[in-house]
Amino acid sequence: MTSPILDRFAELWETTRVRMAASGDRLTLDRVQAATGVPKATLSDWRRGHHAPREMDDLIKVVRVLSGWAGLPAPDFREWSQLVEQSRIPKAVQQSRQAYLSERESFMLPSMVAIMDPLASAFEAQDVEIDAICVTGHALAFGIARPVQDIHAGRLRPRQIKVRILTANSDVSPPLPAPRHEEDAERVRQLRLRDRNVYVNTLHSTLASLRETHGIEVHWEFRGVSFTPLTELILLNGSEALFSYCKISPRTVTDVKGDPVEVYDAVASQGLVKRFNVAGPYHAGRDFVEDSYRWFNSIWETISTEGFTP
């Protein structure tokens, strides 16, 4: 991608595609054109990073539709307008800003933005290792989609991929989503398990397909714990940690029968990810990554449920 607005648009498009695919639906240029009136050629240029949007009205129409299909909050006009303005900043200034960010010990970005580049970079290695403790696996499924596409396109070719995931056991009474009304407790429990299984199974099938189509050695382990994490941690190739808190918000969701139910839930798009790397210039970043691995392994090797399946 060549600009902030194109990066952000591509991320929103991919989020929408993944979420629609999880429910058996498809995101296509024809469908977006029909819903917004924006020509397919324009949409394709935005999605592929060929040309930055010039008409804010057209951009917001498309962003509003994609956000709605993905179940995300309505777009913030000011945020998207600022991204368009940033895209007009001379390239030398943008590079200077990026150099400043890269020198910092860590930085925080919205979760749907922050995980994509680190995961894509992780898949450039010959031996990819991902360890994660998460609520549902949604963020990880979203983030892995791009490097998997790059593998299918021939742009990446890791030799092997190892993934370990920790999340709550089926018999745990999950705190998230939490029913706002006591009588909805069982409906919400079933919803929580459904969502977790959808994303975990999506991850599993996506990675397993790489073994079949490209001969990549894939090792996949999924274990349960007797608690539901209220933070998410993704560890990459022994050198990087992505950490975020689950921000709790009230919202209305659809239960397994398709009926609305009011819950308190962790909204991924509202969370911020803090990124640490052992290659950074500060000891605190290296210490956090190393301690995160010790913490993850201590759970994996002791209280996690071996052989747990979604």
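**Group meeting: a walk through the model**

Start just after helix α4, where glycine 71 takes a positive phi of about 75 degrees. Keep in mind that this is a predicted model.

Now step back into α4 itself. The helix covers residues 56-70, which is 15 residues. From its first C-alpha to its last it reaches 21 Å, close to the 21 Å expected at 1.5 Å a residue. Which residues of α4 are buried? They are Met56, Leu59, Ile60, Val62, Val63, Val65, Leu66, Ser67 and Ala70. Here is a general point to go with that list. An α-helix has 3.6 residues a turn, so residues three or four places apart point the same way.

Next, a pair of helices. α1 spans residues 4-22, and α3 spans residues 40-48. Their axes come within 7 Å and cross at roughly 105 degrees. Angles of 65 to 115 degrees count as roughly perpendicular, so that is how α1 and α3 lie to each other. Who makes the contact? On the α1 side, Leu6, Phe9, Ala10 and Trp13. On the α3 side, Leu43, Trp46 and Arg47.

On to the cores. In soluble globular proteins, nonpolar side chains tend to be buried together. In this model, the largest nonpolar core has 33 residues. Those with the most contacts inside it are Ile115, Phe123, Ile130, Leu140, Ile144, Ile161 and Leu210. Several elements give two or more residues to this core, among them the helices α8, α9 and α10 and the strands β2, β3, β5 and β6. Which element gives the largest share? That is α9, with seven residues.

Take leucine 140 as an example. Leaving aside neighbours within four places in sequence, leucine 140 is in contact with Leu119, Ile130, Ala132, Ile165, Leu203 and Ile234. There is also a second, separate core of 22 residues, and it includes Met20, Ile60, Trp80 and Val84.

Last stop: serine 304, in the segment after α11. Is serine 304 buried or exposed? Its relative accessible area is 12%. Buried means under 20%, so serine 304 is buried. What is around it? Beyond its neighbours within four places in sequence, serine 304 is in contact with Leu166, Arg223, Gly224, Val225 and Ile299. A polar atom of the serine 304 side chain lies 2.6 Å from the backbone oxygen of tryptophan 300. Then look at threonine 167. Threonine 167 and serine 304 are 137 residues apart along the chain, yet their C-alpha atoms are separated by 9.1 Å.

How values were computed. Residues are numbered from 1 along each chain as its sequence is written. This is a predicted model: local features need pLDDT of at least 70, side-chain atom pairs count only at pLDDT 80 or more; totals for chains, interfaces and linings use all residues. Side-chain values use heavy atoms; hydrogens and water are left out. Helices (H or I, at least four residues) and strands (E, at least two) are DSSP runs, numbered from the N terminus. Buried means under 20% relative accessible area, exposed over 50%, partly exposed in between (1.4 Å probe, protein chains only). Contact means heavy atoms within 4.5 Å. A polar contact is a pair of N or O atoms within 3.5 Å; within protein, one must be able to donate a hydrogen and the other to accept it, and residues adjacent in sequence count only if both atoms are side-chain atoms. A nonpolar core is a set of buried Ala, Val, Leu, Ile, Met, Phe, Trp, Tyr and Cys residues joined through side-chain atoms within 4.5 Å. The expected span of a helix is 1.5 Å times one less than its number of residues. Axes are lines fitted to C-alpha atoms, for helices over the stretch in contact, and angles run from 0 to 180 degrees between N-to-C directions. Angles under 35 degrees count as roughly parallel, over 145 as roughly antiparallel, 65 to 115 as roughly perpendicular and the rest as oblique.
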